[in-house]
Amino acid sequence: MEALGGYPSKPSSSRARVVSLIITATLCISSLYLLHTKLSRNRNHADFYSFQVKDTKGRSVSLEKYRGKVSLVVNVASHSEQTEQNYRDLQELHRALGSTHFTVLAFPCAQYGDTEPGMGRDAEAFARSNYAVTFPFFSMIKIMGSEAEPAFRFLTDSVRQIPKWNFWKFLVSAEGQVVQVWKPDEPMEEIRKEATALVREIILKKRHEL
């Protein structure tokens with residue numbers, strides 16, 4: 001129907017309301033979908049051990065294999081001023097607390113200058129040949145930026161801190177939650193104390209379950 005003068009008449013108010021309702025419903029559905037996706041992702045990755053990472057050979061590894069253990073997760077580097085002392089201290093802690101209830105997990109990162117120039121396998125070979133470390137190594141990761149390793153991002157989000165240099169240490173409980181974080185220059189004795197306390201809790205819990 002045309003208005004006087006040959007011009008089309010304006011859409012009726014009822015039609016405008018229908019269009020408005022359709023737009024509103026579409027926006028609501030989109031918002032609900034995004035919320036559902038976010039909640040599902042959070043449920044899937046409720047703790048550190050629910051993630052998958054790559055080993056130094058590029059193979060996918062589920063961190064579930066470490067559930068039930070206390071883990072000290074460290075962003076390592078081969079050519080940092082803290083390399084020698086940290087590798088020696090980490091290996092000693094790994095040896096002292098044993099592999100049954102505790103492990104160090106090493107993640108090489110090349111985002112801090114030229115302190116880790118090779119690949120993950122190079123970092124692993126360097127540490128094993130020079131410091132006789134026996135704890136697990138994983139592939140080279142990024143910690144900062146949009147390409148940050150999701151498993152490591154879980155750690156940094158948990159403590160609301162991003163490592164500013166190599167050898168930050170995240171203590172993860174047997175349930176996969178971050179308990180404490182230390183900067184590279186903090187004393188290993190404090191880390192040993194906290195890790196030992198968590199290991200004792202695991203041992204006592206297992207004894208009570210017998």
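This is a predicted model: local features need pLDDT of at least 70, side-chain atom pairs count only at pLDDT 80 or more; totals for chains, interfaces and linings use all residues.
Reader: Ala132 is not a glycine either, so what is its phi?
Author: Most residues other than glycine have a negative phi. Ala132 lies in the loop between helix 3 (120–131) and helix 4 (150–159). Its phi is positive, at about 55°.

Reader: On to the packing: are helix 2 and helix 5 roughly parallel or roughly perpendicular to each other?
Author: Two packed helices are described by the angle between their axes and the distance between the axes. For helix 2 (residues 83–97) and helix 5 (residues 188–209), the axes come within 11 Å and cross at roughly 25°. Angles under 35 degrees count as roughly parallel. Helix 2 and helix 5 are therefore roughly parallel.

Reader: How do the residues of the contact of helix 2 with helix 5 divide?
Author: On the helix 2 side you'll find Asp89, Leu90, Glu92, Leu93, Ala96 and Leu97, which meet Met188, Ile191, Arg192, Ala195, Thr196 and Val199 in helix 5. By class, the residues of this contact come out as eight nonpolar, one polar and three charged.

Reader: And is the crossing of helix 2 and helix 5 left-handed or right-handed?
Author: The two axes cross at roughly 25°. As for its hand, the crossing of helix 2 and helix 5 is right-handed.

Reader: What about helix 2 and helix 3: roughly parallel or roughly perpendicular to each other?
Author: The axes of helix 2 and helix 3 come within 11 Å and cross at roughly 75°. Angles of 65 to 115 degrees count as roughly perpendicular. Helix 2 and helix 3 are therefore roughly perpendicular.

Reader: Which residues in helix 3 do Thr83, Glu84, Tyr87, Arg88 and Gln91 in helix 2 meet?
Author: The axes of helix 2 and helix 3 come within 11 Å. The contact of helix 2 with helix 3 splits into four nonpolar, two polar and two charged residues. On the helix 3 side, the partners are Phe126, Ala127 and Tyr131.

Reader: Last one: which helix gives the most to the lining of the second largest pocket?
Author: That pocket has a volume of about 160 Å³. Its lining residues include Gly68, Ser173, Leu198, Glu201, Ile202, Lys205 and Lys206, and the lining as a whole divides into four nonpolar, two polar and four charged. The most, five residues, comes from helix 5.

Note on methods. Residues are numbered from 1 along each chain as its sequence is written. Side-chain values use heavy atoms; hydrogens and water are left out. Axes are lines fitted to C-alpha atoms, for helices over the stretch in contact, and angles run from 0 to 180 degrees between N-to-C directions. Helices (H or I, at least four residues) and strands (E, at least two) are DSSP runs, numbered from the N terminus. Angles under 35 degrees count as roughly parallel, over 145 as roughly antiparallel, 65 to 115 as roughly perpendicular and the rest as oblique. A crossing is left-handed if the near helix is turned anticlockwise from the far one by less than a right angle, and right-handed if clockwise. Contact means heavy atoms within 4.5 Å. Ala, Val, Leu, Ile, Met, Phe, Trp, Tyr, Cys and Pro count as nonpolar, Asp, Glu, Lys and Arg as charged, and the others, Gly among them, as polar. On a 1 Å grid over the protein atoms alone, a cavity is a set of points where a 1.4 Å probe fits but cannot get out, and a pocket is an open set with protein on both sides within 12 Å along at least five of seven lines; lining residues have an atom within 4 Å of a point. Grid points are joined across faces, edges and corners, and a volume is the space filled by probe spheres set on the points.
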